[in-house]
Amino acid sequence: MTEPPPLPEPPPPAAPTVTSEALLQGGREATILHGGEVYRLRLTSKDKLILTK
């Protein structure tokens, strides 16, 4: 008697989704703290996002 094939591993959980509106809270810039560093997320005049350290 043969063994059934192993079950596939479940997919990794989906990454959380956050809208830019939620991050910017009506403004054009947000500060993000990561690993003891400060990053700035800015909305440009052409509606693009720029993340800088």
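User: How do you know that strand 2 and strand 3 pair?

Analyst: In this predicted model, strand 2 and strand 3 (residues 49–52) are joined over four bridges. Pairing requires at least two bridges, so the two strands qualify. The sense is antiparallel. One of the contacts is Leu-43 with its bridge partner Leu-49 in strand 3.

User: What lies between strand 2 and strand 3 in the hairpin?

Analyst: Five residues lie between them. In that turn, Asp-47 has a positive phi of about 65 degrees.

User: What makes strand 1 and strand 2 a pair?

Analyst: Strand 1 (residues 29–34) and strand 2 (residues 37–43) share six bridges. The cut-off is at least two bridges, so they count as paired. Their sense is antiparallel. Leu-33 stands opposite Val-38 in strand 2, and Ile-32 stands opposite Tyr-39 in strand 2.

User: Which residue takes a positive phi in the hairpin of strand 1 and strand 2?

Analyst: Gly-35, with a phi near 55 degrees. This hairpin has two residues between the strands.

User: What is the strand order of the open sheet?

Analyst: The order is 1-2-3, with three strands and antiparallel pairing.

User: Why is one side of strand 1 and of strand 3 left without a neighbour in the sheet?

Analyst: Both stand at the edges, and each has a single partner strand, so one side of each has no neighbour in the sheet. On average, neighbouring strands of this sheet are turned by 20 degrees against each other, direction ignored.

User: Why is the contact of Arg-40 with Glu-29 called a salt bridge?

Analyst: The closest N and O atoms of Arg-40 and Glu-29 are 3.2 Å apart. The criterion is a side-chain nitrogen of Lys or Arg within 4 Å of a carboxyl oxygen of Asp or Glu. The value meets that limit, so the pair is a salt bridge. A search of the whole structure finds one salt bridge. Arg-40 lies in strand 2 and Glu-29 in strand 1, so the pair ties together parts eleven residues apart in sequence.

User: Why is Arg-40 called partly exposed?

Analyst: Its relative accessible area is 37%. Buried means under 20% and exposed over 50%. The value for Arg-40 falls in between, so Arg-40 is partly exposed.

User: What about Glu-29: what makes Glu-29 count as partly exposed?

Analyst: Glu-29 has 41% relative accessibility.

Notes
Residues are numbered from 1 along each chain as its sequence is written. This is a predicted model: local features need pLDDT of at least 70, side-chain atom pairs count only at pLDDT 80 or more; totals for chains, interfaces and linings use all residues. Side-chain values use heavy atoms; hydrogens and water are left out. Buried means under 20% relative accessible area, exposed over 50%, partly exposed in between (1.4 Å probe, protein chains only). Axes are lines fitted to C-alpha atoms, for helices over the stretch in contact, and angles run from 0 to 180 degrees between N-to-C directions.
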